[in-house]
Amino acid sequence: MNYQMLIEARDNIQPYMDVTPMLSSPLLDKHMKGSVFMKADCLCPTGAFKLRGAINAVSTLSHAQKQAGVVAFSTGNHARAVAYAGLTFGVRSVIIMPKTANAVKIENTRLLGADVVLFDPETETREAIAEHYEKEQGLSLIRPYDHPEVIAGQGTSGLEMVDYCLSRHITPDYCYVPASGGGYLAGVSIAIAKHFPRCEIVGVESDVSRPWFNSMNKGQRTHYAQTGPSICDAILPPHPMPGELTWPIVKGNVTRFIAASDDEVRASMNMLESYLGLATEPCGAITLAAALTDGERREGKQILCVVSGRNRDFSAQS
């Protein structure tokens, strides 16, 4: 992985999606005691940043691979993104989702033309099912984070943040990005670290699942079980562990990891809607929640936070 791959990914993605805005509010700044700029990736066409990586990955397939189709596994946002990319390029997509996934995400993935395969996470593994389709039907597997073109695609969000900051003479002190498997964090960190080497890049996890924090302390990729339920389902993989490809990138660029609780996330969701008019899913607000818990570190500083997604069931209470 390198910076040039992000530049190429931006060229691949540009015809199919617009740059997402950076939003700010004087009221939010007052609350934060600093200047905060929210990267609204929740406004991507599929409602989450995942579309960046999916479009880049599908666009770079060979003609033969596109004819065969793609397979992906996800709890929702990556699923919808790959389905959208498949629809965009006329490529068949098979999406493997747990039967416990958000019903809205399952339905929206189907509406985008994907063949959705539901599995029981208690008795089956998504990786094994995906490998079956890969081997038996010749589909190309697009992993949600451990995939070089996916990482590069997610990194285009970082390039857009860099362009925004440079055009307004902003030198960010902190950049908060959700961790999960590390694709978004790795990609964004490549762009931010190159242009703003003094910016502290902070990975954000749910307080019930901290594989990155614990693995970094141990110095190696290690599985750490989730300790309880959380509303932040989009960053709770079934086997919590840093990605193989994302690990060295994140380890080299990210300064530290902090966690946010469900209550802190709910409060941040309300703030984003009140101050910026952004309705988000829980994970979309987790970086703001983390920045708020960072106390004196943020006072008087220039802060970047990504708002990763908006896909939740708006008919139900979060």
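## Surface, fold and cores of a predicted model

The protein chain exposes about 13,000 Å² (Shrake-Rupley method, 1.4 Å probe), and carbon and sulfur atoms supply 47% of this area. This is a predicted model, in which local features need pLDDT of at least 70 and side-chain atom pairs count only at pLDDT 80 or more, while totals for chains, interfaces and linings use all residues. Residues are numbered from 1 along each chain as its sequence is written, and side-chain values use heavy atoms, without hydrogens and water.

The chain contains 13 helices and 10 strands (DSSP runs of H or I with at least four residues, and of E with at least two). Its C-alpha trace spans about 55 × 40 × 40 Å along the principal axes. Of the 318 residues, 58% count as buried (under 20% relative accessible area, 1.4 Å probe).

Two nonpolar cores can be described (buried Ala, Val, Leu, Ile, Met, Phe, Trp, Tyr and Cys residues joined through side-chain atoms within 4.5 Å).

| Core | Residues | Members, among them |
|---|---|---|
| Largest nonpolar core | 36 residues | M161, C175, L185, I192 and L304 |
| Another core, apart from it | 32 residues | Y174, I258, V265 and L276 |

In the largest core, the members listed touch the most other members. Elements that give two or more residues to this core include α8 (148-167), β7 (174-178) and β10 (302-307). Leaving aside neighbours within four places in sequence, M161 is in contact (heavy atoms within 4.5 Å) with M22, K39, C175, V188, I192, L304 and V306.

Definitions and conventions
Buried < 20%, exposed > 50% of the residue type's maximum accessible area, 1.4 Å probe, protein only.
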